[in-house]
Amino acid sequence: MAKKTIADVDVSGKAVLMRCDFNVPLDDGLQITDDRRITEALPSIKSALDRGGRVILMSHLGRPEGKDPADDAKYSLKPVAERLHALLGCPVHFASDTVGDDAKAKSAALKNGEVLLLENVRFNKGEKKGDADYAAVLAAMGDIYCNDAFGTCHRTEGSMVAVPNAMVGKPKVCGFLVEKEIQFLSEAIAEPKRPFVAIVGGKKVSDKINVIQNLLNICDKVLIGGAMAYTFSLAQGGAIGKSFVEVDKVDLAKSLIASGGDKLLLPADSHCGDDFKGSCNKQVVEAGQIPDGWEGFDIGPETIKKYADVIKSAKTVVWNGPMGVFEMPPFDAGTRAVAEAIVASDSTSIIGGGDSAAAIQQFGLADKVTHVSTGGGASLEMLEGKKFAAVELLDNK
Ligand code: AMP
């Protein structure tokens with residue numbers, strides 16, 4: 001069921017308590033090195049300000065684990081307040097605590113059209129467990145709750161769950177970022193245009209078992225690549241040389257092969273090297289025929305062709321995880337070919353967060369796909385078909 005968004009509520013004269021993900025990278029001088037997470041949150045913030053509301057922002061930054069802001073400036077959100085002010089041009093106040101006297105006084109004094117950023121929620125012990133006292137203070141600050149922190153949606157920390165739950169009788173909506181992620185990672189997948197093809201790669205099959213299982217239930221084809229393919233190869237009795245493998249997951253790979261049947265496609269060949277360097281000696285071998293002393297670093301040309309053909313005829317594509325060591329050319333070729341086939345297809349294309357998002361950006365193709373998820377763990381869990389408490393509690397349309 002679609003969730004109400006910030007655009008669906010009357011915010012005029014109201015305080016919107018908004019959970020964002022301002023977990024931005026900072027350099028040693030505490031300068032923000034990439035402000036994408038801030039700029040991406042602006043549409044939801046502006047939507048409330050432009051319609052006569054005021055906005056109280058909550059976020060985490062790193063893991064200060066309940067320490068004091070005075071002891072650890074690298075976890076302070078103060079640089080984010082400064083950047084928000086530069087980007088929004090309206091007054092952006094900063095509270096040096098989250099539920100203390102400064103936050104209480106500044107939230108009470110906040111005027112419509114203004115923004116208040118509270119200090120990192122994770123400086124408070126109550127955030128992790130969602131303590132009732134802690135949640136009650138935050139809940140009292142807002143007339144409306146808005147969740148625009150997709151990267152944290154799979155978590156059940158206080159500002160994600162206990163705070164909105166304590167805002168009994170008040171509207172609870174999502175921001176535009178979360179709306180878009182749910183639309184693609186949940187709704188588009190629930191009613192896909194077919195053929196529906198999933199591509200799953202990356203290092204460890206153990207990280208992606210639940211994703212593969214869920215996708216095998218709902219997709220027409222699941223293409224496997226990356227180092228995890230060698231665990232499948234071993235399960236089929238293949239020789240994998242010194243390739244990365246999870247020996248304790250071989251039985252699991254066997255059961256996925258059995259349950260996947262024709263739906264599950266494994267690499268036909270492998271691009272191998274004799275050392276973990278782009279300049280190593282190289283050879284292409286058939287899957288399951290990797291000689292001793294050699295290591296598979298990418299899918300081979302036959303697999304590229306086979307996978308590209310399947311992808312090009314797809315109407316919905318979901319991709320999570322690279323096909324090889326895409327950071328180390330020439331072993332980026334398989335991942336690049338998959339990205340290019342997705343772009344060439346006439347499909348709704350959804351790129352899961354983490355390394356596949358990094359890869360599509362590296363190839364300059366991010367703006368040619370339908371959706372690149374901003375959440376690593378959250379997008380993976382959504383592809384597993386999991387429901388998030390932080391999303392479920394929001395008002396339905
Ligand atoms: P994951 O975090 O599980 O999505 O895995 C991504 C990482 O797996 C990337 O850093 C890739 O370089 C790495 N990777 C992919 N294929 C291979 C491979 N064949 N051998 C070693 N590492 C790989």
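Hi everyone. Let's start with a cysteine: C174 is buried, at 1% relative accessibility. Keep in mind that we're looking at a predicted model.

C20 is in no disulfide either, with the sulfur of C146 the nearest at 7.2 Å. C20 is buried too, with a relative accessible area of 1%. In total, the structure holds 0 disulfides.

Next, helix α2, which covers residues 42-50. Which of its residues are buried? They are L42, S44, I45, S47, A48 and L49. What covers the buried residues of α2? The cover includes strands β1, β2 and β4, along with helices α1, α3 and α8. Just after α2 comes G52, with a positive phi of about 85 degrees.

Last stop: a sheet. Three strands form an open sheet in the order β12-β11-β14, with antiparallel pairing. The edge strands are β12 and β14, each pairing on one side only. From one strand to the next, the twist averages 40 degrees. Between β11 and β12 there are 5 bridges, and H271 stands opposite V284 in β12. Helix α12, residues 301-312, packs on this sheet and touches β11, β12 and β14. The direction of α12 makes about 30 degrees with that of β14.

Terms used: Residues are numbered from 1 along each chain as its sequence is written. This is a predicted model: local features need pLDDT of at least 70, side-chain atom pairs count only at pLDDT 80 or more; totals for chains, interfaces and linings use all residues. Side-chain values use heavy atoms; hydrogens and water are left out. Two strands pair if DSSP finds at least two bridges between them. Helices (H or I, at least four residues) and strands (E, at least two) are DSSP runs, numbered from the N terminus. Axes are lines fitted to C-alpha atoms, for helices over the stretch in contact, and angles run from 0 to 180 degrees between N-to-C directions. Contact means heavy atoms within 4.5 Å. Buried means under 20% relative accessible area, exposed over 50%, partly exposed in between (1.4 Å probe, protein chains only). A disulfide is a pair of cysteine sulfur atoms within 2.5 Å.
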